[in-house]
Number of protein chains: 2
Amino acid sequence: MSTIEEIAKQAGVSRSTVSRVINNDPNVNELTRERVLEVVSSNNFVPNRAARKLAGGRTGVIGLVIPIGVSRLFVEPFFPILIQSVTNRCNHLNRSVMFWLGEPEYERRSISQILSNDLLDGVIVSSLEDKDPIVAALHQSQIPFVLIGRYRDNLPVSFVDIDNEKCTQTAVNYLIESGRKRIATITGVEGMVSRERLEAYRNTLAQAGLAVDENLIAEGGFVEEGGYDAMAKLLPHKPDAVFAINDAMAVGAIRYLREQGLRVPEDVAVVGFDDAPIAASYKPALTTIAQPIAELGRQAVDMLVQQIDQQPEEPLTQVLTSELIIRESA
Amino acid sequence: MSTIEEIAKQAGVSRSTVSRVINNDPNVNELTRERVLEVVSSNNFVPNRAARKLAGGRTGVIGLVIPIGVSRLFVEPFFPILIQSVTNRCNHLNRSVMFWLGEPEYERRSISQILSNDLLDGVIVSSLEDKDPIVAALHQSQIPFVLIGRYRDNLPVSFVDIDNEKCTQTAVNYLIESGRKRIATITGVEGMVSRERLEAYRNTLAQAGLAVDENLIAEGGFVEEGGYDAMAKLLPHKPDAVFAINDAMAVGAIRYLREQGLRVPEDVAVVGFDDAPIAASYKPALTTIAQPIAELGRQAVDMLVQQIDQQPEEPLTQVLTSELIIRESA
DNA sequence: CTTTAGAATGGGAACGCTCCCAAAATCTGA
DNA sequence: TCAGATTTTGGGAGCGTTCCCATTCTAAAG
């Protein structure tokens, strides 16, 4: 493990010049730069991150915080894809990722403590609930951060999100236009995402002049079994379509419908959300909304890096569009 | 963000004494220790990890490397549970986790570079293929590491694993004892885990005096759809039981069997592997092998920490037992 | 009451880098 | 050819710890 000083000696320059080269400082003679770079790569030199940090620099490490339990983490394909895309993008930008999968409340405290004095240049936080105290903590700690999903509070924060309202509207309108009259919905758990989509569902029905029947709204906890149970509650109220806010629950709903001898989509149309891998292969293939999850992760990283490097005044925000993919179930 | 020096001043002692207290050095007067600890906690002081590292200490960060693609990562519940249990245990021990989800080969190079000069005290590597060069790289780099799953090479390495042979044997024997004669198996992808379980499958049949029919062996790539397809290949050879080496494929197999009008377990018994969440709720509920995944993660962390702190001569190894859970599908 | 071993404490040096300012080298134009 | 501007380079200081050695304090023993 070599140090900057050894590289300097080998290249016949000073420590400072090597530092300039590896930090892309323009004030270096081109020939010198080349010579140094050669020595750097032939020694496979990587600057010590701890020293870098201590000297006031950056570590090149960013944190990814996903404060949800394992039960959702592995049911929803959203998270692995997100994790993968964030880590890939970071690798690409020569950065490392440090993870926190926050569980219950008592963990949160330790998270904010860790964040406040650690090796992180910045943090990405996904899937938080409304007014999660972690946001306030981050805001206060001055550390650059980006949220995935919008934060409903008056703090000016950077975020990247998909257009939940718009694509919910698209899905529900599609059902309406195909002649459905009693459109039910299966939400997840009480929280931001569920609420956003539920609101959009209500608004879309209202705009189309359809009444919103509270009996046609059920919670499924984001899991397959929950979708099954929710469908059982919904069915007595005679829906002719169901909009489930993720694919796992859509699959559960379909399973129940079939057990009851109903056909999908002829008797009841079902639309999911996520375009999970199972969506395309399931019988019937799921009509669902595809979120650009990988893009979401990539953007979050880019925004964070931009914030770290350029410290802009204003928070950065970005809303990505998702798409209704029409298959067989609706 | 306070420094050790400020804490020292507040407590009326020297930097060194504070350092001793936070590092549990016994050479501190009991009263002094208490006084210092009080100041530490009232200031919410956390020692700067970068400085610690630089001064020759530890960072308290361990790496978790899972060199597989996202397709398996989110299909198998194994990984989220493992990730969760590792992070939880680390939090508990006041350590942070840094992640690498390695994708293809070209990423490996960067991994070993990162590892060689970074903030990590040690590394846990899960799910590697045979003779993965990363193991040699780790071995050479002198950094403490623990594998999850055994490594088939002559390097003396620490690992924690489950008893794949034994539990496969249990499962297959269970099928034999319940009178099945033509027991098929669905493996994953070519690799260590598949091979271990396949070997055990062959051996168990042989020991019971049953012939091994190569037509009763199919690959399913660890995914649900693959299990479905594998079952389609298997069925013409008239199996009366199937041992799938994970639950996703077991579910796929069952789906195909039913579409063909066969009953599970009456016509064909199906045993899975993993005890995935879906196993209990599926109809029919899956008979499957439950691995102590969370325990695996916990043990890996403990072994790694032991290695970091005590630097034992010999590699540590541990094999955990898993259990056949009998439900409805076999 | 002195000596001395042992416990408790303090402070310098070092870890490997970046930042900043000063010095050296090079270039420019009259 | 030389002053002055500009580019390029060098080295000191400092980041917040730990480690090590030196010093001070305490208490037991003579």
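Start on helix H3 of chain B, on the face turned away from its buried side: the exposed residues there are Glu30(B), Leu31(B), Glu38(B), Ser41(B) and Ser42(B). Please keep in mind that this is a predicted model.

Which residues of H3(B) are buried? They are Val36(B), Val39(B) and Val40(B). These three cover an arc of only 105° around the axis, so they sit on the same side of H3(B). As for what covers the buried residues of H3(B), helix H1 (4–11) and helix H2 (15–22) of chain B are included.

After H3(B) comes Asn44(B), with a positive phi near 60°.

In H1(A), residues 4–11, the buried residues are Ile4(A), Ile7(A) and Ala11(A). Their arc around the axis is only 60°, which puts them on the same side of H1(A). Their packing partners are H2 and helix H3 (30–42) of chain A. H1(A) is followed by Gly12(A), where phi is positive, near 70°.

Next, the DNA. Around DNA strand D there are 27 residues, and the ones that come nearest are Ser14(A), Ser16(A), Ile4(B), Ser19(B) and Ala55(B). Which element supplies the largest share of the surface near DNA strand D? That is H2(B), with four residues. At least two residues each come from helix H2 (15–22) of chain A and from H1, H2 and helix H4 (49–54) of chain B. Sorted by class, the surface near DNA strand D has 10 nonpolar, 13 polar and four charged residues.

Some overall numbers for chain A. It has 14 helices and 12 strands. Its C-alpha atoms fill a box of roughly 80 × 35 × 30 Å along the principal axes. Of the 330 residues in chain A, 48% are buried. Among contacts in chain A with a separation of 6 or more, 67% are between residues 24 or more positions apart.

Strand E3 (residues 122–126) of chain A runs parallel to E4(A), and four bridges join the two. One of the residues to look at is Val125(A), whose bridge partner in E4(A) is Leu147(A). E4(A) is also joined to strand E5 (residues 158–162) of chain A, again parallel, by three bridges. There, Ile148(A) has Val160(A) in E5(A) as its bridge partner.

Last, the backbone geometry. Most residues other than glycine have a negative phi, and most peptide bonds are trans. Here are some exceptions.

Asn24(A) is not a glycine, yet its phi is positive, about 60°. It lies in the loop between H2 and H3 of chain A. Is Asn24(A) buried or exposed? Asn24(A) has 8 other C-beta atoms within 10 Å, so it is exposed; the cut-off for exposed is 12 or fewer.

Asp274(A) is not a glycine either, and has a positive phi of about 130°. Its place is the loop between E9 and helix H13 (277–281) of chain A. Asp274(A) has 25 C-beta neighbours inside 10 Å, so it counts as buried; for that, the cut-off is 20 or more.

Then the cis peptide bonds. One joins Val264(A) and Pro265(A), with omega about 10°. Pro265(A) is in the loop between helix H12 (247–259) and strand E9 (269–273) of chain A. In chain B, the bond from Lys283(B) to Pro284(B) is cis, with omega near -5°. Pro284(B) is in the loop between helix H13 (277–281) and strand E10 (287–290) of chain B.

That is what I had; I will take questions.

Conventions
Residues numbered from 1 in each chain as written. Chains lettered and ligands numbered in written order. Predicted model: local features only at pLDDT ≥ 70, side-chain atom pairs only at ≥ 80, totals over all residues. Arc of directions from axis to C-beta. Contact = placed C-beta atoms within 7 Å. Near = placed C-beta within 6 Å. Nonpolar A, V, L, I, M, F, W, Y, C, P; charged D, E, K, R; others polar. Pairing = 2+ DSSP bridges.
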